[in-house]
Amino acid sequence: MMDDEVASKKKKTVRLVDSSTIDLDSYIANYSGHGKVDRLVYIATRCVPLQVEAYNSALNELKTTLNVQRYLQVHTKLNDLLSLQGKPAVSVDTLWVDATQKQARAKTDKLEAELKNYKTNAIKESIRIGYKDLGDHYYDCGDLPKAMKYYSQMRDYCTTSKHMLDMCLNVIKASLELGNFPHVQSYVLKAEATPDLAENAVAKGKLKCSMGLTKLDNAEYKRAARFFLDTSFELGNNFSSIVSANDIAIYGGLTALATFDRQELKAKVFDNSDFKQFLELEPHIRELLESFYNSKYVQCLELFDRMKNDLLLDVFFSNHVEVIYDLIRKKALVQYFSPFLSVDLNRMAKAFNTNVALLEPELAGLIMEGQIAARIDSFNKVMKVKETDQRCETFRKVISVGDTYRSQSRALVLRMTLMKADMIVTDGSREDPRRGKAYY
């Protein structure tokens, strides 16, 4: 996607990262095509120590494509950065630019002429292929809106469900890069309706990932987690222009930890054979999940803190890092208190590697939100469970049971009265042996 398009879709303040544990070469090797360039540029705009290296890698990658416009944009940004650092500028490879522009124009003319010829002959399959070839060409050139246009026009010429699935996957890929998530969801639903999908594990995995990214963008973390957890390991790196298998482990693991209860974590994460294979690719995510599940909350939060800078460099996840961290921390505080009637705030602060002055407002917020049913004794620094008036609770239950009984009794009397008056709607399915009429 184009840099301006990326910026317009994110709508978030850019947060610079001063340090990162990412090995850029090994990290970026998990991606291909536009995904590799997108992530390199994203890292370059946010991680100060990796800026020059990331821009140079992006330029080298762009020279294997037909995307001249983006090459020039990245080149300009690199030279602006080098100028600020007092370093000499890098010259544009004008030979490559001229040759690539000429090649792109020639291919465009050729494909448009072929499509015109196919339309003249009115052969649906040839027209579909012509639209697909033009869509692929504009995608390679970085013109995603035009690629979307031609991919979408394939729809009227799809003669099999396999063709329809292929069209949907192409539109989804371009829409994800444009950040058009409502469009993604629409085409995922169309793809799921194709009969050929059941036999195609890779395509199913792509659709699950696409829906997961859509829900992640909408901050629907629990639904996003379910889609990532349902992704088959057979997908592997077949979707590397968008996400890698490592990303599925990270996105699925952290969103599940933030939103699932202990039973769901056990059933849908730890006992999930496919997702366990994804977790093998990211041992630190597995360790973080196990730490939380085993109530080692400080260790869990420390692991997240160490990962935070790297997560802030992820093109899809960066805007959600702080929210996910807060959800996990709140969940840890709630679970820590749940077995007790009262807790010493000093001991609790020590368990979470903080102090009472910072912990108390957090707990007060959870009480206000209704996540913890307790009261804080600020003087003695103790949090106690709210005492329930058992007598009032018993009366409330008795009244509730009485109301239910009265409602059911009235309904029964009404039914008996209607039956006696023979005021019953029937379909003739049963006969009353006494009256010879259908009844209920």
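## Exercises on helices, loops and contacts

Asn-67 caps helix H5 at its N-terminal end, with a side-chain oxygen 3.2 Å from the backbone nitrogen of Arg-70. Helices (H or I, at least four residues) and strands (E, at least two) are DSSP runs, numbered from the N terminus. The model is predicted, so local features need pLDDT of at least 70 and side-chain atom pairs count only at pLDDT 80 or more, while totals for chains, interfaces and linings use all residues. Residues are numbered from 1 along each chain as its sequence is written, and side-chain values use heavy atoms, with hydrogens and water left out.

**Exercise 1. Find what the side chain of Asn-79 reaches, and describe the residues it is in contact with.**

Step 1. Locate Asn-79 in H5, residues 68-84. Its relative accessible area is 17%, so Asn-79 is buried.

Step 2. A polar contact is a pair of N or O atoms within 3.5 Å; within protein, one must be able to donate a hydrogen and the other to accept it, and residues adjacent in sequence count only if both atoms are side-chain atoms. The Asn-79 side chain reaches the backbone nitrogen of Val-90 at 2.7 Å.

Step 3. Contact means heavy atoms within 4.5 Å. Apart from neighbours within four places in sequence, Asn-79 is in contact with Ala-89 and Val-90.

Step 4. Turn to Ala-89, which sits in the loop between H5 and H6. Ala-89 counts as exposed because its relative accessibility is 59%. Not counting residues up to four places away in sequence, Ala-89 touches Asn-79 and Leu-82. Between the C-alpha atoms of Ala-89 and His-75, 14 residues apart along the chain, the separation is 9.5 Å.

**Exercise 2. Is Asp-38 buried or exposed, and which side chain does it contact?**

Step 1. Asp-38 belongs to helix H3, residues 33-44. With a relative accessible area of 9%, Asp-38 is buried.

Step 2. Its side chain makes a polar contact with the side chain of Arg-70 at 2.7 Å.

**Exercise 3. Work out where the buried residues of H10 lie around the helix.**

Step 1. Phe-181, Val-184, Tyr-187, Val-188 and Ala-191 are buried in H10.

Step 2. Seen down the axis of H10, these residues fall within an arc of 120 degrees, so they line one face of the helix. The arc is that of the directions from the helix axis to the C-beta atoms. An α-helix has 3.6 residues a turn, so residues three or four places apart point the same way.

Step 3. The cover over these residues includes H8, H9 (161-178) and H11 (201-217).

**Exercise 4. Describe how H15 and H16 cross, and which residues make the contact.**

Step 1. Axes are lines fitted to C-alpha atoms, for helices over the stretch in contact, and angles run from 0 to 180 degrees between N-to-C directions. The axes of H15 (residues 273-281) and H16 (residues 283-293) come within 5 Å and cross at roughly 115 degrees.

Step 2. H15 supplies Leu-279, Glu-280 and Leu-281 to the contact, and H16 supplies Pro-283, Ile-285, Arg-286 and Leu-289.

Step 3. The contact residues divide into five nonpolar, no polar and two charged. Here Ala, Val, Leu, Ile, Met, Phe, Trp, Tyr, Cys and Pro count as nonpolar, Asp, Glu, Lys and Arg as charged, and the others, Gly among them, as polar.

Notes:
Buried means under 20% relative accessible area, exposed over 50%, partly exposed in between (1.4 Å probe, protein chains only).
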